[in-house]
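Thank you all for coming; I would like to walk you slowly through one structure today. Please have the sequence and the model open while I talk.

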Amino acid sequence: MLRKSISALLLLSMVFGFAATAAASWTGYVTSTGLYIREEPSTSAKALKCPKYGSALTILDEEDGWYYVKYGVVYGYVSKKYVSSKNPVSSGSSSGSSSSSSSSSSSSSSSISETTIAQLGTPPAPTREGDRGDDVVKLQKALTILGYLSDKCDGIFGAKTEAAVKSFQKARGLTVDGIAGNGTIRCIFGSTAADSSSSSSSSSSSGKVHELQWFYDGYNLMNSCSSMSILDCKSGIRWTAKYINGSYHADVIPASAADAAKISGIIGSYVRRPVIVTVNGTMYAGSMYAVSHGETDYCDYFDGVMCIHFTGSKTHGSDNVDPDHQAAIQTALHYYD
């Protein structure tokens, strides 16, 4: 009888324990365009899944700046700063967005006073889905004036803005990719847009290291160079690399066996490493994923390739910008400050 009573109590405690856990869970929403669900609460842990901006996550627990979440059949950890209790897609704002972005969003409305493209002034910098701010507002106003957008000009480059850009591109015979890049901006705002986008993609914090917008200038630059010098900001190691390929980011290999030997001590880490890549005498801020991968060996002294990301570049297969890579790029940008 006593054993049955104890068993019953244990069963009840387990039931109530599970009920309490279930009651404690809540729904959070992804406020970043490149958030990874990781196996452990660390930016260097294995990435399991990359949910899209606005995706719903079931928050199960909290641990030192991380949430333990369920996303479909995947369980793992995400950084708290990229999750909000409010859906950024339906609410039009995000608790994780910067104050300047929020300001531009709240101050914009669907009714605009401008009636011509010329009244909008200086052309905006190139933007794409997931971007926010005044440049997006100006793009949206231009698309509204031209009749391609009827939604509010809220400074958030979402699905409707992307669809409007695609419609404009199709009508003008441009590449229909939904990205408001140099060519699309010039077509909307005129030839002066080239000066604006150029200054944006070459911005520098110190006058020494520059940003390289991958989808605007980076891809073409890498395809036109045979080799580049790379400085690993953490170790101070400088080596020469050879560009192999890459549409979403740069895939490189050491230019020689000697260069491979120089970086042998930093290969194998999943931590994003800030690097400075020098091409044709100009230094650009990058982030290196120092893990060799791929099934093809392009030389007999190194296996596969390594990834180097630049501003706005994306990861293999995820179609998302990795926030850890972008943070490392900012570190490299300020290396000489």
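Let me begin with a pair of helices, where α4 passes α6 in a left-handed crossing. Please keep in mind throughout that what you are looking at is a predicted model. In that model, α4 and helix α6, which covers residues 182-189, pack at an angle of about 50°, and their axes are 11 Å apart. That angle makes α4 oblique to α6. If you look for the residues involved, you will find K138, L139, A142 and L143 on the α4 side, where they meet I185, I188 and F189 of α6. Sorted by class, the residues of this contact are six nonpolar, no polar and one charged.

Next, which angle do α4 and helix α5 make where they pack? Helix α4, residues 134-145, and helix α5, residues 159-172, pack at about 55°, with a distance of 11 Å between their axes. The two helices, α4 and α5, are therefore oblique to each other, and α4 passes α5 in a left-handed crossing. On the α4 side the contact is made by L139, Q140 and L143, while α5 brings T161, A164, V165 and F168. In this contact of α4 with α5 there are five nonpolar, two polar and no charged residues.

That leaves the pairing of α5 with α6, whose axes come within 11 Å and cross at roughly 75°. Helices α5 and α6 are therefore roughly perpendicular to each other. Here the contact is made by V165, F168, Q169 and R172 of α5, together with T184, C187 and I188 of α6. By class, this contact of α5 with α6 has four nonpolar, two polar and one charged residues.

If you ask which elements give two or more residues to the lining, they are β13, residues 282-293, and β14, residues 305-309. Taken by class, the lining of the second largest pocket divides into six nonpolar, seven polar and three charged residues.

Key. Residues are numbered from 1 along each chain as its sequence is written. This is a predicted model: local features need pLDDT of at least 70, side-chain atom pairs count only at pLDDT 80 or more; totals for chains, interfaces and linings use all residues. Side-chain values use heavy atoms; hydrogens and water are left out. Axes are lines fitted to C-alpha atoms, for helices over the stretch in contact, and angles run from 0 to 180 degrees between N-to-C directions. Helices (H or I, at least four residues) and strands (E, at least two) are DSSP runs, numbered from the N terminus. Angles under 35 degrees count as roughly parallel, over 145 as roughly antiparallel, 65 to 115 as roughly perpendicular and the rest as oblique. A crossing is left-handed if the near helix is turned anticlockwise from the far one by less than a right angle, and right-handed if clockwise. Contact means heavy atoms within 4.5 Å. Ala, Val, Leu, Ile, Met, Phe, Trp, Tyr, Cys and Pro count as nonpolar, Asp, Glu, Lys and Arg as charged, and the others, Gly among them, as polar.
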